[in-house]
Amino acid sequence: MDLDVFVSAHRAEWDRLEALLRRQRRLSGAEADELVTLYQRAATHLSLIQSSAPDPQLTGRLSQLVARARSAVTGTRRASWRDVTRFLAHGFPAAVYKSRHWWVPTALLSTAVAALLGWWIGTHPEVQASIAAPSELRELTRPGGQYETYYSSHPAASFAAQVWTNNAWAAALCLILGVFLGLPVIWILFQNMLNLGIGFGLMSSAGRLDTFLGLVLPHGLLELTAVFVAAGTGLRLGWTLIDPGPRTRRTALAEEGRAAIGMAIGLALVLFVSGAIEGFVTPSGLPTWARITIGVVAELAFLAYVYVLGGRAARAGETGDVEAAERSATVPTAA
C-alpha cells in the first residue's frame, strides 16, 4: 500500500467525520446517516493501515477518530445485570466448552504425571530422603500430622479466603502468561502436579493414601479442574500466536485474549466454591464418604454447567468474546 496515496484519497472523509463529531447542535437524519457511513469507512481504513502499512501517527489519529465516532453512534454503554447474566449463562460456559480440546488433554496428561511422580516417590526411599529428613517425613504423614492439620490450621473463613486468592492468582497467571507461547504455563502446571505427587507418594509410602485422598478429593476435584481449564486456555492462547488460522495474528490474539480475561473472572468464581469447600468441608467432622460426595457433586455440577449450558451456547454461536457491537472493526479475511 502506498500510504501517501491512501491518505490523499481518504483525508477528506476523515475531516468530514471529524467535523460532524464536533457539531454542537443535533445532527439531522441525513447527517446521522452520513456519520454512520463515515465511521464504518474509517474503521475499515484503520484496519487496513494497521495490517498493511502501520504508521504510528496516522494510526493514533484514526484510532481516536474511530473511538469518538463509535461513542457517538452507539452511545455510552454501562454494564448491567443483563451483562452479568449473559456472561454466567452463556459467555463463560461457552468459552470453557470451546476450549475443551485443550484443557481435557491437559487434565489427563497432568493427572498421569502427578500419579507417576507419586508412584516414583512412594516406591523409592532415596527420593523421599532427598525431600526431607526421616523425622520430618514422619511428622508430615503420621496421624494428626502436618498433612492433616494443614486444613484446620487457620479459621475456616480466613483459610478459604487465602486458598481462593492463591488459586485464583495461579489460574490468572496461566491465562495471562499463555501469550508467551505457553511455556510459563507448562512450568506452573508442573509445579502443581509435583506438589500433588509429593503428597501422594509420601502418604502412600506411610500406608495412609486413603487419608490423603479423603483430604484432597473434596475440594481438589473442582480446584484442579479450574487449574486445568486455565492452563489449557493459556496454552491455546500461546498456540494462537503460532497458528492464528484464517484470522490475522492481531485479530486472533485480541479475540482469544478477551475470552481469556472473561475466563479468569469465571474461574475465580469456580475457585471461590472450591476454596469454600476446602475451608469448611475438608477439615470438618463429616465422614470421609460425605466429604468426597460433596466434592464429586460440585465437580459434576460444573461439568454439567459447561457441557449442557456451554455446549448449547457454543452451538448458538457464543464464543466467550464480548458482543459484536463492542469489538473493533476488522477487515474480512479469506477462509
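Here is a short walk through this structure, stop by stop, with something to select at each one. Keep in mind that you are looking at a predicted model.

**Stop 1: the largest nonpolar core**

Start by selecting Phe92, Val96, Met263, Leu267 and Phe302. The largest nonpolar core has 37 residues, and these five touch the most other members. Now colour the helices around them: α4 (81-98), α5 (100-123), α9 (156-177), α10 (183-205), α11 (209-242), α12 (249-281) and α13 (288-315) each bring at least two residues to this core. Which helix supplies the largest share? That's α11, with eight residues.

Stay here a moment and zoom in on Phe92. Setting aside residues up to four places away in sequence, Phe92 touches Phe87, Gly262, Met263, Gly266, Leu267, Val270, Phe302 and Tyr305.

**Stop 2: another core**

Next, select Trp14, Ala42, Ile49 and Leu65. They are among the 18 residues of another core, which lies apart from the largest one.

While you're in this part of the chain, pick His45, which sits in helix α2 (residues 29-52). Is His45 buried or exposed? His45 has a relative accessible area of 8%, so it counts as buried, the cut-off being under 20%. Not counting residues up to four places away in sequence, the residues His45 touches are Phe6, His10, Glu13, Trp14 and Leu62. Trp14 you already have selected, as a member of the 18-residue core.

**Stop 3: the loop between α10 and α11**

Head over to Arg208, in the loop that links α10 and α11. Arg208 is buried, at 14% relative accessible area. Leave out neighbours within four places in sequence, and Arg208 is in contact with Thr141, Arg142, Pro143, Glu148 and Met203. Look closely at Arg142: its backbone oxygen is 3.3 Å from a polar atom of the Arg208 side chain.

**Stop 4**

Finish on Trp239, which lies in helix α11. Trp239 has 41% relative accessibility, so it counts as partly exposed.

Note on methods:
Residues are numbered from 1 along each chain as its sequence is written. This is a predicted model: local features need pLDDT of at least 70, side-chain atom pairs count only at pLDDT 80 or more; totals for chains, interfaces and linings use all residues. Side-chain values use heavy atoms; hydrogens and water are left out. A nonpolar core is a set of buried Ala, Val, Leu, Ile, Met, Phe, Trp, Tyr and Cys residues joined through side-chain atoms within 4.5 Å. Buried means under 20% relative accessible area, exposed over 50%, partly exposed in between (1.4 Å probe, protein chains only). Helices (H or I, at least four residues) and strands (E, at least two) are DSSP runs, numbered from the N terminus. Contact means heavy atoms within 4.5 Å. A polar contact is a pair of N or O atoms within 3.5 Å; within protein, one must be able to donate a hydrogen and the other to accept it, and residues adjacent in sequence count only if both atoms are side-chain atoms.
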